[in-house]
Amino acid sequence: GAGVSQTPSNKVTEKGKYVELRCDPISGHTALYWYRQSLGQGPEFLIYFQGTGAADDSGLPNDRFFAVRPEGSVSTLKIQRTERGDSAVYLCASSTAGTGGDTQYFGPGTRLTVL
Amino acid sequence: RKEVEQDPGPFNVPEGATVAFNCTYSNSASQSFFWYRQDCRKEPKLLMSVYSSGNEDGRFTAQLNRASQYISLLIRDSKLSDSATYLCVVNRAGNNRKLIWGLGTSLAVNP
């Protein structure tokens with residue numbers, strides 16, 4: 001079946017602009033996660049959704065970052081007033097139930113470059 | 001100290017070699033442990049979960065030592081296609097859904 005998809009695959013923007021990154025999880029997966037990965041680093045947790053609600057947003061670096069999942073499926077990560085330090089690959093993952101032991105399936109990521 | 005630590009490598013080994021990676025974690029109450037594989041410019045993919053009793057999947061063996069708080073991954077008979085970064089992942093105690101990732105260990109298998 002279809003895996004996790006993310007759009008766009010690449011996004012180049014200028015400092016100060018607003019961007020939206022989209023994640024379409026595996027159908028039926030109730031849990032959805034956003035991560036950020038910089039070169040040479042492991043993924044860094046940003047936010048986790050269980051259904052429509054953000055169960056844990058403690059990884060969002062500041063109030064410029066916001067994410068929604070209004071219908072419990074597709075999620076959008078929104079970044080306001082982008083900064084050069086926001087440049088990274090933004091990964092989305094989904095899992096069946098969101099328990100600690102279930103497998104997270106990742107999308108291919110969106111490579112964000114802030115000039 | 002980082003919550004999850006790995007030797008970043010790189011490990012350069014010839015085909016057919018056996019290679020082992022270790023990972024240490026700081027929170028003794030962590031419950032779930034995984035090894036993910038990530039190819040260059042690709043997303044991470046689950047290689048295997050790590051159970052207390054140890055588990056094996058073909059050429060790959062994972063072990064957990066709770067007393068010493070480390071996880072290991074053993075790859076036997078290395079193939080060229082095993083070249084990748086191997087990420088150690090641990091769930092943060094008290095919050096099953098937040099996984100903490102190591103920086104990854106880079107493996108290059110050479111012909």
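Reply: Happy to! Let's start with a term: a salt bridge is a side-chain nitrogen of Lys or Arg within 4 Å of a carboxyl oxygen of Asp or Glu.

Me: How many salt bridges does the structure hold over all chains?
Reply: Over all chains, there are 8 salt bridges. Keep in mind that this is a predicted model, where local features need pLDDT of at least 70, side-chain atom pairs count only at pLDDT 80 or more, and totals for chains, interfaces and linings use all residues. Residues are numbered from 1 along each chain as its sequence is written, chains are lettered from A and ligands numbered from 1 in the order in which they are written, and side-chain values use heavy atoms, with hydrogens and water left out.

Me: Ok, which residue forms a salt bridge with A:R64?
Reply: That partner is A:D86, and the closest N and O atoms are 2.8 Å apart. A:D86 lies in the loop between β8 (75-79) and β9 (88-95) of chain A, while A:R64 is in the loop between β6 and β7 (65-68) of chain A, so the pair ties together parts that are 22 residues apart in sequence. The strands here are DSSP runs (E, at least two residues), as helices are (H or I, at least four), and both are numbered from the N terminus.

Me: Are A:D86 and A:R64 buried or exposed?
Reply: A:D86 counts as buried at 3% relative accessibility, and A:R64 counts as buried at 6%. Buried means under 20% relative accessible area, exposed means over 50%, and partly exposed is in between (1.4 Å probe, protein chains only).

Me: Which residues are linked with them in a network?
Reply: A:R64, A:E83 and A:D86 are linked in a network of salt bridges.

Me: What does A:R36 meet in a salt bridge?
Reply: A:R36 meets A:E44, with 3.4 Å from N to O. A:R36 counts as buried at 12% relative accessibility, whereas A:E44 counts as partly exposed at 36%.

Me: And in chain B, what does B:R76 pair with?
Reply: The side chain of B:R76 meets that of B:E56 in a salt bridge (3.5 Å, N to O). B:R76 lies in the loop between β8 (70-75) and β9 (84-91) of chain B and B:E56 in strand β6 (residues 55-57), so this pair ties together parts that are 20 residues apart in sequence. B:R76 is partly exposed, with a relative accessible area of 26%, and B:E56 is exposed, at 58%.

Me: Switching topic: how many helices and strands does chain A have?
Reply: Chain A comes to 0 helices and 11 strands. Its radius of gyration is 13 Å, close to the 13 Å that the globule rule gives for 115 residues, so chain A is as compact as a globular protein of that length. That radius is taken over C-alpha atoms, and the rule is 2.2 Å times the number of residues to the power 0.38. Along its principal axes, the C-alpha trace of chain A spans about 35 × 25 × 25 Å.

Me: What share of chain A counts as buried?
Reply: Of its 115 residues, 49% count as buried. One of the buried residues is A:D56, with a relative accessible area of 10%. A:D56 is found in strand β6 (residues 53-56) of chain A, and a polar contact of 2.6 Å joins its side chain to that of A:S58. A polar contact is a pair of N or O atoms within 3.5 Å; within protein, one must be able to donate a hydrogen and the other to accept it, and residues adjacent in sequence count only if both atoms are side-chain atoms.

Me: Now the two chains together. How many residues does the contact take from each?
Reply: The contact (heavy atoms within 4.5 Å) takes 22 residues from chain A and 17 residues from chain B. Between chain A and chain B there are 0 salt bridges, but 2 residue pairs are in polar contact, both at pLDDT 80 or more.

Me: Which strand gives the most to chain A's side?
Reply: β4(A) gives the most to the side of chain A that touches chain B, with 3 residues.

Me: Last one: where is B:Y25?
Reply: B:Y25 is in strand β3 (residues 19-25) of chain B, and B:Y25 is buried, with a relative accessible area of 1%.
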